[in-house]
Amino acid sequence: MTRILYDLTGRDDTRFSPYCWRAKMAMKHKGLDFDTKPVPFTDIPAIRDGSFKTVPVLEDDGVVVHDSFRIALHLEATYPDRPTLFGGPGGEATARFVEQWTNTAVNGGLVSLIVADVHRRLMPQDDSYFRESREKRFGKKLEEVSAGREARIDDIRKALAPARNTLQLQPFLGGDSPLFVDYILFGTLQWARVTSDFAFLEASDPVSAWFETCLDLYEGYGRGMKAAAAA
């Protein structure tokens with residue numbers, strides 16, 4: 001059986017998409033073999049029939065699934081005999097909530113701190129696309145967006161309070177062991193780790209300890225992608 005995940009890539013084969021990381025960790029959780037196909041931003045329209053505007057896109061033995069949450073649902077339905085990603089309908093509903101919280105409160109706050117760093121990690125052919133699209137979104141130069149970020153560090157730390165408070169009560173967001181809900185937030189922190197050396201988490205933060213644990217899951221799969229600070 002062949003599984004291929006189209007995976008966003010930057011310079012030096014940096015795999016940085018938070019959404020692709022969610023899908024990859026979900027497949028690792030299920031114990032499934034898969035290959036990744038690196039795709040720069042500007043090559044996404046060339047995937048298969050050209051109908052996709054974002055990644056991840058998964059080809060699973062002839063079935064094509066787009067979007068990290070849909071991929072997780074597909075894996076859960078297709079491989080029910082393997083470890084569950086949700087732990088039942090309640091877990092799926094909770095993961096939906098965490099997805100929305102992460103995409104808005106965490107990703108939305110973090111991007112303004114690291115967007116200039118992300119730009120520096122891109123493939124050369126993506127430079128103009130990324131700069132023009134993000135500067136249009138923010139209404140200013142990328143460097144201006146990230147300027148003075150040290151003064152805004154408390155904002156992202158406050159945004160992570162729900163996860164921090166939960167992780168003071170249990171080892172994972174999913175409970176005693178990780179579930180897809182963990183991979184949602186993990187993907188965001190991995191995005192920051194591999195694109196930027198800006199340290200916004202304190203070492204004493206329970207979120208930091210949880211993230212380090214997640215990096216070591218599945219024989220250190222996440223840690224195998226070099227951090228920007230080590231590049």
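**Note on aromatic pairs, sheet and helix packing**

1. Eleven aromatic pairs are present in the structure. The model is a predicted one, and the points below should be read with that in mind. A pair of aromatic rings is described by the distance of the centres and the angle of the planes.

2. F41 and F130 make one of these pairs, with ring centres 5.9 Å apart; the planes stand at 40°, so the pair is tilted.

3. F86 is in the loop between α2 (68-78) and α3 (89-120), and F180 is in helix α8 (residues 180-195), so the pair ties together parts that lie 94 residues apart in sequence. F86 has a relative accessibility of 4% and therefore counts as buried. F180 is buried too, its relative accessible area being 0%.

4. One aromatic cluster is formed by W21, F34, F186, F211 and Y221. A charged residue is also placed at W21: K24 lies over the face of that ring, 3.7 Å from its centre. At F41, the charged end of R134 sits over the ring, at 5.4 Å from the ring centre.

5. The sheet is open and has four strands in the order β2-β1-β3-β4, with mixed pairing. The edges are taken by β2 and β4 (63-66), each of which has a single partner strand, so one side of each is left without a neighbour in the sheet. On average, and with direction ignored, neighbouring strands of this sheet are turned by 20° against each other.

6. Strand β1 (residues 3-8) and β2 run parallel and are joined by five bridges. Opposite I4 stands D35, a residue of β2. Helix α1 (residues 18-29) packs on the sheet, where β1, β2 and β3 are touched by this helix. The direction of α1 makes about 150° with that of β1.

7. Which residues of helix α9 (residues 206-215) are buried? They are V207, S208, W210, F211, C214 and L215. Viewed down the axis of α9, these buried residues fall within an arc of 165°, so they line one face of the helix. Their cover includes α1, α7 (161-167), α8 and α10 (217-220).

8. T102 is placed in helix α3. With a relative accessibility of 0%, T102 counts as buried. Apart from neighbours within four places in sequence, T102 is in contact with R22, N107, I184, L185 and T188.

9. L122 has its place in the loop between α3 and α4. Is L122 buried or exposed? Its relative accessibility is 2%, so L122 counts as buried. With neighbours within four places in sequence left aside, the contacts of L122 are G10, R11, F16, F41 and F130. Two of these residues, F41 and F130, are the partners of the tilted pair. L122 and D216 are 94 residues apart along the chain, and their C-alpha atoms are separated by 26 Å.

Note on methods. Residues are numbered from 1 along each chain as its sequence is written. This is a predicted model: local features need pLDDT of at least 70, side-chain atom pairs count only at pLDDT 80 or more; totals for chains, interfaces and linings use all residues. Side-chain values use heavy atoms; hydrogens and water are left out. Rings of Phe, Tyr and Trp (its six-membered ring) pair if their centres lie within 6.5 Å; planes under 30 degrees apart count as stacked, over 60 as edge-to-face and the rest as tilted. Helices (H or I, at least four residues) and strands (E, at least two) are DSSP runs, numbered from the N terminus. Buried means under 20% relative accessible area, exposed over 50%, partly exposed in between (1.4 Å probe, protein chains only). A charge sits over a ring if NZ of Lys or CZ of Arg is within 6 Å of the ring centre and within 35 degrees of the ring normal. Two strands pair if DSSP finds at least two bridges between them. Axes are lines fitted to C-alpha atoms, for helices over the stretch in contact, and angles run from 0 to 180 degrees between N-to-C directions. Contact means heavy atoms within 4.5 Å. The arc is that of the directions from the helix axis to the C-beta atoms.
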